[in-house]
Amino acid sequence: MLKPVAVCGGKFLITKRLARSVERHLPLRDRAEMAGVSMGERNSIASCFWSSEPYLITIGSDCTITAGVKIFTHGGCSVARDRYRNFDCFGKVTIGDRVYIGTNALIMPGVSIGNRVLIAAGSVVTKSIPDNCVVGGNPAKFLHSVDDYIESNKEYNLDSKHLSSAKKRELLMNLTEDSFIKKGNIKVR
């Protein structure tokens, strides 16, 4: 038998199973806010990124958190519990406005991320990041400013953000190869 978790005016009974089912169908942004994450406006969320203390996470406005991102507010304390039975450490995570966090990035406890920051996919962010930075790697390191990133990619800008998926596909499939970003070779010793 299912246990009730809420009774509303004596008329409705909501079970844990039903509540979980309904929650799974909510947009991730709504799920994050229900869990306790504090968020600004116009954020794009593609990941269930929060840890067991979501109320320690604050996110500004106009941010993109892509798939696989994880934000930690604690960790590693179990190694000390043989000496200190209830050992626990926590760190708040603050994310500014206009931040892009790439796929599978990890944000560690106690990190503050400034405004206009781009975090490359797969990065492990162990230190706070000031405004206007592009970082990447494990551990994440400064690569260049957001302004330099924009300047170096301006020639590839297609102004396609407003297009429908079909129109964007048509545009991209009809471009010449020199219209796409190309990366150089890695250095081989």
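## Strand 14 and its partners

In which sense, parallel or antiparallel, do strand 12 and strand 14 pair? Strand 12 (residues 117-119) pairs with strand 14 in the parallel sense, over two bridges. The model is predicted. I119 has V135 in strand 14 as its bridge partner.

Strand 14 also pairs with strand 15 (residues 141-145). These two strands run antiparallel, joined by four bridges. C133 has S145 in strand 15 as its bridge partner. Strand 14 and strand 15 form a hairpin with four residues between the strands. In that hairpin, G137 takes a positive phi near 110°. Strands of a sheet pair through backbone hydrogen bonds, either parallel or antiparallel.

Strand 14 (residues 133-136) is covered on both faces. C133 and V135 are buried on one side. V134 and G136 are buried on the other.

V117 lies in strand 12. Is V117 buried or exposed? V117 has a relative accessible area of 2%, so it counts as buried; the cut-off for buried is under 20%. The C-alpha atoms of V117 and I95 are separated by 9.2 Å. Along the chain, V117 and I95 are 22 residues apart.

Another element to look at is an open sheet of three strands, in the order 7-10-13. The pairing in this sheet is parallel. Strand 7 (70-71) and strand 13 (124-125) stand at the edges. Each has a single partner strand, so one side of each is left without a neighbour in the sheet.

Strand 10 (residues 106-107) pairs with strand 13 over two bridges, in the parallel sense. I107 has V125 in strand 13 as its bridge partner.

## Salt bridges

How many salt bridges does a search of the whole structure find? The search finds four. One of them joins R42 to D62, with the closest N and O atoms 2.8 Å apart. This pair links distant parts of the chain, 20 residues apart. R42 sits in the loop between strand 3 (38-39) and strand 4 (44-45). D62 sits in the loop between strand 5 (57-59) and strand 6 (64-65). R42 is exposed, at 59% relative accessible area, whereas D62 is partly exposed, at 23%.

D147 and R116 form another salt bridge, with the closest N and O atoms 3.3 Å apart. This pair also links distant parts of the chain, 31 residues apart. D147 belongs to helix 3, while R116 lies in the loop between strand 11 (112-113) and strand 12. D147 is partly exposed, with 40% relative accessibility. R116 is partly exposed too, with a relative accessible area of 31%.

E151 and K154 form a salt bridge as well, with the closest N and O atoms 3.1 Å apart. E151 counts as exposed, at 51% relative accessibility. K154 counts as partly exposed, at 48%. The cut-off for exposed is over 50%, so E151 at 51% is exposed and K154 at 48% is partly exposed.

## The largest pocket

Rolling a probe the size of a water molecule over the atoms shows where empty space is left. The largest pocket has a volume of about 660 Å³. It is lined by 14 residues. The closest to its centre are Y149, N157, L158, S160 and K161.

Which helices each supply at least two residues of the lining? Helix 3 (146-153) and helix 4 (165-173) do. Helix 3 gives the largest share of the lining, three residues. By type, the lining residues divide into seven nonpolar, three polar and four charged.

## Cysteines

How many disulfides does the structure hold? It holds zero. A disulfide is a covalent bond between the sulfur atoms of two cysteines. C63 is buried, at 2% relative accessibility. C89 is partly exposed, with a relative accessible area of 40%. C133, in strand 14, is buried.

How values were computed:
Residues are numbered from 1 along each chain as its sequence is written. This is a predicted model: local features need pLDDT of at least 70, side-chain atom pairs count only at pLDDT 80 or more; totals for chains, interfaces and linings use all residues. Side-chain values use heavy atoms; hydrogens and water are left out. On a 1 Å grid over the protein atoms alone, a cavity is a set of points where a 1.4 Å probe fits but cannot get out, and a pocket is an open set with protein on both sides within 12 Å along at least five of seven lines; lining residues have an atom within 4 Å of a point. Grid points are joined across faces, edges and corners, and a volume is the space filled by probe spheres set on the points. Ala, Val, Leu, Ile, Met, Phe, Trp, Tyr, Cys and Pro count as nonpolar, Asp, Glu, Lys and Arg as charged, and the others, Gly among them, as polar. Buried means under 20% relative accessible area, exposed over 50%, partly exposed in between (1.4 Å probe, protein chains only). Two strands pair if DSSP finds at least two bridges between them. A salt bridge is a side-chain nitrogen of Lys or Arg within 4 Å of a carboxyl oxygen of Asp or Glu. A disulfide is a pair of cysteine sulfur atoms within 2.5 Å.
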